[in-house]
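Let's take a look at one protein model together. Here are its sequence and structure.

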Amino acid sequence: MEAIQGEAIRLSDVWVAYSGSGRPAIREINLKIDYNSLILITGPNGAGKTTLIETCLGLLKPIRGEVFLLGVNTKSRKIIKVRRKCSYVPQDFMKPPYESYTAKHVIKLGLATDMCLFGLSDLEIKRRILNVAKMLQIEDLLDRPIGTLSGGQQQKVYIARALVREPKVLFLDEPFSSIDEESRYVIAKVIHEYVHQKKACALVVSHDVDPIIDLSDIIVHMDNGKITNVEVN
Ligand SMILES: Nc1ncnc2c1ncn2[C@@H]1O[C@H](COP(=O)(O)OP(=O)(O)O)[C@@H](O)[C@H]1O
Ligand SMILES: [Mg+2]
């Protein structure tokens, strides 16, 4: 099977199993995701949501079927380069209280990983950091050590770090867990605006669908390793 241009992600009859586990964690997954779309993946604990994200990124390889990310098969060596055009904020990505990096440092790290810095002036780096900080309403937190921020504030900093690189695909795993309602709304709105402004694509995993469900283009329901329903908003 070939990838089709214009598709951000394609999975065709994908099965993934963890080594040592007798049962596949996800199976029979067929999904096609275009640019300019926000996808919500929801379902109970153990449904296979995190496994699906890591399979899209090529961090887990299918035992059956094929996965294309930005047109490249995740089994190809080129996937390492392709991954640099994506951002991933894993589940429960919180720093311990003694972490001394400031929020600004953490956001700037988003630019360091893939040598973006070579092409960017100091002024441009500052402009980008300030821009994402404004969007997420964390400008006044930029000089605070990350460990002194609340869960919701930290989550916004990690999302800022993911966005500052201007990824083609943004993967967020449970970005709303244990954060207040107002922060959830800000994060959902920022993701929605980013995706449509940049013609990018976001895959957001959340067992808790409110309020992002209203801003999502496609809602994928998973249970017991399978996609049980796909709704188009
Ligand atoms: N590292 C692992 N090793 C073995 N089994 C795993 C591992 N991670 C997840 N699983 C299993 O895979 C299934 C899907 O898990 P996961 O993708 O984490 O679900 P979700 O993110 O929807 O809660 C579950 O049955 C889980 O126990
Ligand atoms: Mg999970």
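## Ground rules

A polar contact is a pair of N or O atoms within 3.5 Å; within protein, one must be able to donate a hydrogen and the other to accept it, and residues adjacent in sequence count only if both atoms are side-chain atoms. This is a predicted model: local features need pLDDT of at least 70, side-chain atom pairs count only at pLDDT 80 or more, and totals for chains, interfaces and linings use all residues. Residues are numbered from 1 along each chain as its sequence is written, and side-chain values use heavy atoms, leaving out hydrogens and water.

## A buried serine

Ser206 sits in the loop between β8 and β9 (strands are DSSP E runs of at least two residues, helices H or I runs of at least four, numbered from the N terminus). Its side chain reaches the backbone oxygen of Asp208 at 2.5 Å.

Is Ser206 buried or exposed? With 1% relative accessibility, Ser206 is buried (under 20% relative accessible area; exposed is over 50%, partly exposed in between, with a 1.4 Å probe and protein chains only). Beyond its neighbours within four places in sequence, Ser206 is in contact with residues including Leu40, Thr42 and Phe176 (contact means heavy atoms within 4.5 Å).

## The sheet

Thr42 also has a bridge partner in β9, His221. Strands β3 (37-42) and β9 (218-223) pair in the parallel sense over 4 bridges (pairing takes at least two DSSP bridges).

Zooming out, 6 strands make an open, mixed sheet in the order β6-β7-β8-β3-β9-β10. At its edges are β6 (86-89) and β10 (226-232), each pairing on one side only.

Methods: Chains lettered and ligands numbered in written order.
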